[in-house]
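Hello,

Here is the structure for you to look over. My notes follow below it.

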Amino acid sequence: MRIALLTGTSLRHKYMAHQLADAMDVVLVVAEKKSTAITAVNGYSPDEAALLRAHFESRDKKENAFFGNYSKFPINIPCILEDHGGLHNEAVLSAFKHYNVDAVALFGSSIVKEPILSLFPKKVVNLHLGLSPYYRGSGTNFFPLLYGEPECLGATFHLATAAVDAGGILHQFRPEAISKEDSIHTVGNTIIQEAGKVYPKVLAAYLYGTLLPTEPITEEKGKLFRIRDFTPQALQSVHRNMQDHLKCYLDNKTARDLNKPIVEAF
């Protein structure tokens, strides 16, 4: 199977490209520039803006510590750089045909819609950071910490559909090791690091017919978040309560995990 990866331009996205390319026949990367919406501080007070800036500066430093060795996409794979929201441009659609793409892998891209979904029916697989359907949309490994549910940290591999995070699930995992000393960023990057090891295995098993998805999620379940829900007040709350939430979870991990079952294919 010839794979196209639709992703972002950060170090974590380049790391994922290398993990997939090392194990799969990745013939095309489409890298989409970041949206500025999540990091915008317009309309906030000076203190709130400073808090948000510090958060994203810390995120970038921690991402560099985890994935700094992946400063470039694989050099032997064609890469198309697009502005945010440019996945459906004619240049991308033409490249799918030119490189005889059979299936699409997603990680950190904007929402994929028509005509891509119809070009690759049931062959668009997304890596969603978070555990669907408990947390859907944006910030899905942030909001479990806000709501005191670390058992909902993890990653979900699922089929992409027109509805947000509603496609059949192929595999999910929780991070293997969480400590009450973890920060928002160490948890997030640890999950991405683990996902890079699992993604090729999930993709190959599904595309070659040894792994079947669950039924699509047809009703609204769990919590759905948008970028606008990430506020300075939410960030302050996570910083204030995260260690207590992690400790409470780790003291009762087995029971709490069982209360939020996940789809584990391996």
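**Met1 and its surroundings**

Leaving aside residues up to four places away in sequence, Met1 touches Asp25, Asp102, Lys123, Leu207 and Tyr208; contact means heavy atoms within 4.5 Å. Met1 sits in the segment before strand S1 (2-7). Helices (H or I, at least four residues) and strands (E, at least two) are DSSP runs, numbered from the N terminus. Met1 counts as partly exposed because its relative accessibility is 28%. The cut-offs are under 20% relative accessible area for buried, over 50% for exposed, and partly exposed in between (1.4 Å probe, protein chains only). Asp25 is 24 residues along the chain from Met1, and their C-alpha atoms are separated by 6.5 Å.

**Basis**

This is a predicted model: local features need pLDDT of at least 70, side-chain atom pairs count only at pLDDT 80 or more, and totals for chains, interfaces and linings use all residues. Residues are numbered from 1 along each chain as its sequence is written, and side-chain values use heavy atoms, with hydrogens and water left out.

**Overall**

The protein has 8 helices and 9 strands. Its C-alpha trace spans about 50 × 40 × 35 Å along the principal axes. The radius of gyration is 18 Å, which agrees with the value near 18 Å for a compact globule of 266 residues. That radius is taken over C-alpha atoms, and the globule rule is 2.2 Å times the number of residues to the power 0.38.

Of the 266 residues, 50% count as buried. The accessible surface is about 12900 Å², and 50% of this surface belongs to carbon and sulfur atoms. Accessible areas come from the Shrake-Rupley method with a 1.4 Å probe; for residues, only the protein chains shown count as cover. Take the contacts between residues at least 6 apart in sequence: 75% join residues at least 24 apart.

There are 28 positive and 28 negative side chains. The centres of the two sets lie 1 Å apart. Lys and Arg count as positive, Asp and Glu as negative; His and the chain ends are not counted. Each charge is placed at NZ of Lys, CZ of Arg, CG of Asp or CD of Glu.

**Strand S7**

Ala155, Phe157 and Leu159 point one way. Thr156 and His158 point the other way.

Two strands pair if DSSP finds at least two bridges between them. S7 pairs with strand S5 (residues 124-129) in the antiparallel sense, over 5 bridges. In that pairing, Leu129 stands opposite Ala155. S7 also runs antiparallel to strand S8 (residues 169-173), with 4 bridges joining them. Here His158 stands opposite Ile169.

**Backbone points to check**

Two cis peptide bonds come up in my notes:

- Glu114 and Pro115 are joined by one, with omega about 5 degrees. Pro115 is in the loop between strand S4 (103-107) and helix H4 (116-119).
- Ser132 and Pro133 are joined by another, with omega about 0 degrees. Pro133 lies in the loop between S5 and strand S6 (135-137).

- Asn100 has phi near 50 degrees. Asn100 is in the loop between helix H3 (90-98) and S4.
- Lys122 has phi of about 60 degrees. Lys122 lies in the loop between H4 and S5. With a relative accessible area of 67%, Lys122 is exposed.

Best wishes
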